[in-house]
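Welcome to a short tour of this protein.

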Amino acid sequence: MTGAARTIIEGAYVATVDAAGSEYAEGHVVVEGSDIVAVGPGPAPEWAADVGGPGHPAVTRIDGRGHLLTPGLVNTHHHLYQWLTRGLAQDAILFDWLTALYPTWSKIDAEVVGAGALGGMAVAVRSGCSTMADHHYVFPRDSGDILGSIVHAAQQLGVRLSVTRGSMDLGASKGGLPPDFAVETTDAILVASDDAVRRFHDPSREAMTRIALAPCSPFSVTADLLRESATLARSLRVRLHTHGSETLEEEAFCLATFGKTPTQYLDDLGWLGDDVWMAHCVHLDDHAIARFAETGTGVAHCPSSNARLAAGIAPVPQLVAAGVPVGLGVDGSASNESGQLGAEIRMAVLMNRLRAGADGMSGRTGLYLATMGGARVLGRSAEIGSIEVGKLADLALWRVDGVEHAGIADPVAALTLGAQPPLARLLVNGETVVRDGELTRVREADVAREVSLASATLRAR
Ligand code: ZN
């Protein structure tokens, strides 16, 4: 043993989400430094309490009785800046909603985005989320260091972040949906993408910040940008992300403009592969599902946003059955004012049953999507997503003996079908970032005040 700080959790119902689906009614997990060093049934082994004598840090013991322990949740798709524009265009479908919001979004800068990112991430973290993927694609002229402000917000909270250098270069005058004032030039995007990777991307196992490149959608970027972003990302060894097959209107746009479905279009541009994940994928035919499976392309399933914008229900059971990596995402806060990944598990299970029947998706599949599924989608399944020896200690401890869930027959159902259980602890890299439902590293009242100020500032511009 190395003498790194050690934490022992005992007595919890442990849902490991390992390949065998191992669960222990009264299990233990031992954390040393940032790593999980033991997991199993019953009390922790005796060696766990032996820290090696004087000079070594004391052991922290957490009584897990009455609690469910799961891997920390992984959010695979967000637009954190939208935290400042919640509650607008409430009854619109995607294209009308975007058209209503582009003018406000084109006035963001690093300062307001930092406040929005802090607010959006705070709520996600309090819902059990230990890893966040943020798709940022609006970069107005002279708006400062927006990506830096998002990275800083994640560092303040202690949450693991995959932030994308997103982009739009197809304005309305060239046939795109966004107004010209909301887009950048292709060349400027590629220079900024390269710069973002060099500044922020950490390829290490414990990385807290990773970068991906993410042209926004087929109706807001050029084919040149898609092609060149893919080439650049592969030369820099970072992942690719975009929106795909979200709505019937997008499909009609692609058929009218390119003579292809969104999947055929993206496939022809080199945008299917095991280094790509795509948000939504609601309208996929059998051929598209087969291509996602053959290529290992990941999907970020965002059921609340899809319901909010009436986009449809993604064929998740078919995707999972075909072997496609699928994770959950909350999507931007302007189309999902909740922003809670914990609640998204329940939404995913219920919505998929509407399409696929009562056995279409189990609660445990929902938990898998929110943990290991998301880890696969972000290319981090070797490091996070399950409770196994050798993985990083990203752990969520949910209280299930309170008024919401006392007496429930299955603790996992408390999380996947019930009201979101209170979050007793959230560990990221072994460090406690939520205790008794509250963030440990920032004052929540300060975050709320910052978000209110930034939202008002943005509305006044
Ligand atoms: Zn999105």
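In counting charged side chains, Lys and Arg are taken as positive and Asp and Glu as negative, while His and the chain ends are left out. On that basis, this predicted model carries 36 positive and 53 negative side chains. The centres of these two sets are 3 Å apart.

Now for the overall build. The fold contains 14 helices and 17 strands. Its radius of gyration is 21 Å, close to the 23 Å that the globule rule gives for 461 residues, so the protein is as compact as a globular protein of that length. A few further values describe the whole protein:

| Property | Value |
|---|---|
| Span of the C-alpha trace along the principal axes | about 70 × 45 × 40 Å |
| Buried share of the 461 residues | 59% |
| Accessible surface | about 16900 Å² |
| Part of that surface belonging to carbon and sulfur atoms | 52% |

Glu-344 sits in helix α11, which covers residues 341-356. Is Glu-344 buried or exposed? Glu-344 is buried, yet it has no salt bridge. The nearest side chain of opposite charge belongs to Arg-346, 10 Å away. What does Glu-344 touch, leaving aside residues up to four places away in sequence? Its contacts are Cys-302, Pro-303, Ser-304 and Ser-305, together with Leu-328, Gly-329, Val-330 and Asn-336.

Key:
Residues numbered from 1 in each chain as written. Predicted model: local features only at pLDDT ≥ 70, side-chain atom pairs only at ≥ 80, totals over all residues. Heavy atoms only, no water. Helix = DSSP H or I, 4+ residues; strand = E, 2+ residues; numbered from the N terminus. Rg over C-alpha atoms; globule rule 2.2 N^0.38 Å. Buried < 20%, exposed > 50% of the residue type's maximum accessible area, 1.4 Å probe, protein only. Areas by Shrake-Rupley, 256 points an atom, 1.4 Å probe, with all protein chains shown as cover. Charge placed at Lys NZ, Arg CZ, Asp CG, Glu CD. Salt bridge = Lys/Arg side-chain N within 4 Å of Asp/Glu carboxyl O. Contact = heavy atoms within 4.5 Å.
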